[in-house]
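Please walk me through this structure. Take it step by step, in plain terms.

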Amino acid sequence: MTPAPALLSFLPVLLRGAAVTLEVTAASACVAFLLAILVGVARVSRAAALRTIAKVYIEILRGTSALIQLYYLFFILPLLGIETTPMEAAALGLGLTFSAYGAEIVRAGIQGVDPGQWDAARALGMPHSLAFRRVIAPQAFASMLAPFGNLLVELLKSTSLVSLITLTDLTFSGAQVITSTGQPGQTWGAVLLLYFLMCFPLAQAVRSLEKRFTVYRGPSGASNVRRLA
Amino acid sequence: MTFDAQLAFRILPLLLRGLVVTLEATLAGFVFALAGGLVLALGYRAKSWPARAVSRSLVEFLRNTPLLVQLYFLFYGLPLLGVRFSAMITGVLGLGVYYSAYVAEVYRGGVDAVPAGQWDAARALRFSRAQTWWRIILPQAIPPVIPVLGNYLIGMFKETPLLATITIPELLSAARQVTGMTYRYSEPYTMVALIFLAASYSTSLFFRRLERKVGTS
C-alpha cells in the first residue's frame, strides 16, 4: 500500500481534472438551459405542431441513455463530416440530454402558474405574448430555480461520462493517476471525495433555495421527491 | 453517412443477447435498491442517533458522487480488500447501492405523508415498533410512491450502459463488439438507441397508466 503522501503528490493532476469537469458542466449547462427554455415553451405553445415536436424531442432524448447519446455524437458526427472536439461533443451531448429534463421543468413551471393570472392579464387587455412575458414567465421562473439546481447536480455527476470519450476530466485523471500509482482503491476513493466536495455544497445551496420557496407556497407545493434520475 | 439496414438486421440477435444481460442487471439491481432503500429509510427514523446519522450521510454521499466512479471504486477497489465478485455481481451491487439512496428518499416522502396520528394510534393500541412499521406505516406509505419508484426503474435501466465499462457484456458492449468487427458505427449505435427508446418509453407508458390507477396526483 502506498502511503497517503504518494497519492497527495498526484493531487494536482486530479485537481486539473476537476477543473475540466467544472468546465464541461458549465458548457453543457448553458446548452441545456437555452434548449430547455425553447423546448419547454414550445411544449405548452398554442400551436399544436410545436407542441408535438417538443414532445417528440423530449421523449426521444429522455428515452435513450446519456452515454449512448454521447457515443452517437462522438462517433457518428465525424461520419457526417462534422468535426467536433471532444469538449464540443461533450457539451452538445450532455446539453441535449439534460435539455429534455430541463424542458419538463419549464413546462411544469409554466403550467404551475395559477390560470387566474392568464385571465387577469387578459382582463387588463394584454395580448397573449405580452401576458406570457410580463406575468406568467417571471412567476414560473421562480418556481423553476430549485428543480434546475437539482438538475445541475445531476449534470455535474453525469459529466463523468465524458471520460469515456477521451476528455481529461476528473474521472479520466483518476484513471491516469492509477496507471502511475497502481492504487485503484485509494485513487477512486479520492476521486469520489472530490466529486462529493463539488456536488454537496451545490446540493445544499439548492436545498436552502427550495426551502425559501416552499415557505411561501406552503407544504402542498413541496417538490421534494421529484429529483430527476 | 450510410445506414445499412441489412447489417442492422443481422446484428439484432447479438444486440438482443446483450439486452437480456441489461434487463437482468436492471431487475436485480432494482430489487437490491428497493431493499437497501427500505433499510436506509427505516434508518432515517431510527431511535438511535448514530443510525440516523449513518443513513443520512450515506444517502448524501451516494447521491452526490457519480455512479460511474462508484462502479470503478467497487470493481477495482473491492478485490484489494480480498472481496472477489464477478463483474456482473459488482455491477448489480453498484447499481443497487447507488439507487438505494434515491429509493430511500422516495420512501421517506411516502412515510412523511402518513399522518402523525397513525403513529400515535399504533402506540395507543400497544403495537410494537416493528409492527407499527409493517402493519401500519409502510402499507400506507408505499403504494402512493409506486409510480415514482417506476421512474427510478426506468432511470436505472438507462444507466446500465455504464456497466460496459466494467466488462459486463450488456447491450452497449454488444454494440461496441460490432463496431470492433465491422468498423460500422451508425448501425449498432442507432439500433441500441432504438432498443432503449422502445423499452423505456413502453415502461413509462405502463407506469403512467398505473399512476392513474393508484390515483395520486
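Predicted model: local features only at pLDDT ≥ 70, side-chain atom pairs only at ≥ 80, totals over all residues.

Just past helix α8 of chain A, A:Gly182 has a positive phi of about 65 degrees. Step back into the helix itself. Helix α8 of chain A covers residues 170–181. With 12 residues at 1.5 Å a residue, α8(A) should span 16 Å. Which residues of α8(A) are buried? They are A:Leu170, A:Thr171, A:Phe172, A:Ser173, A:Gly174 and A:Val177.

Now take chain A as a whole. Nine helices make up its list of elements, with zero strands. Read from the N terminus, the order is α-α-α-α-α-α-α-α-α. The C-alpha trace of chain A spans about 75 × 50 × 25 Å along its principal axes. Chain A has 229 residues, and 41% of them are buried. Consider its contacts between residues at least 6 apart in sequence: 78% of these join residues at least 24 apart.

How many helices does chain B have? There are 10, and zero strands. From the N terminus, its elements run α-α-α-α-α-α-α-α-α-α. The C-alpha trace of chain B spans about 70 × 45 × 25 Å along its principal axes. Of its 217 residues, 38% count as buried. Among contacts in chain B between residues at least 6 apart in sequence, 77% link residues at least 24 apart.

Next comes a helix pair inside chain B. Two packed helices are described by the angle between their axes and the distance between the axes. Helix α2 of chain B holds residues 12–44, and helix α3 of chain B holds residues 49–63. Their axes come within 7 Å and cross at roughly 130 degrees. α2(B) and α3(B) are therefore oblique to each other. Their crossing is left-handed. From α2(B), the contact draws on B:Leu40, B:Gly43 and B:Tyr44. From α3(B), it draws on B:Ala51, B:Arg52, B:Val54, B:Ser55, B:Arg56, B:Leu58 and B:Val59. By type, the residues of this contact are six nonpolar, two polar and two charged.

Where do the two chains meet? Their contact takes 36 residues from chain B and 32 residues from chain A. On the side of chain B that touches chain A, at least two residues each come from α3, α4 (67–77), α5 (87–113), α8 (146–159) and α10 (186–214). Which helix gives the most to that side? It is α10(B), with eight residues. The residues on this side of chain B divide into 23 nonpolar, 10 polar and three charged.

Angles from 65 to 115 degrees count as roughly perpendicular. On the chain A side, A:Glu59, A:Ile60 and A:Gly63 take part. They meet B:Phe196, B:Leu197, B:Ser200 and B:Tyr201 in α10(B). Here the residues divide into four nonpolar, two polar and one charged.

Conventions:
Residues numbered from 1 in each chain as written. Chains lettered and ligands numbered in written order. Axes fitted to C-alpha atoms, helices over the stretch in contact; angles between N-to-C directions. Helix = DSSP H or I, 4+ residues; strand = E, 2+ residues; numbered from the N terminus. Parallel < 35°, antiparallel > 145°, perpendicular 65-115°, else oblique. Left-handed = near helix turned anticlockwise from the far one by under 90°. Contact = placed C-beta atoms within 7 Å. Nonpolar A, V, L, I, M, F, W, Y, C, P; charged D, E, K, R; others polar. Buried ≥ 20, exposed ≤ 12 C-beta atoms within 10 Å, placed from the backbone. Expected span 1.5 Å × (residues − 1).
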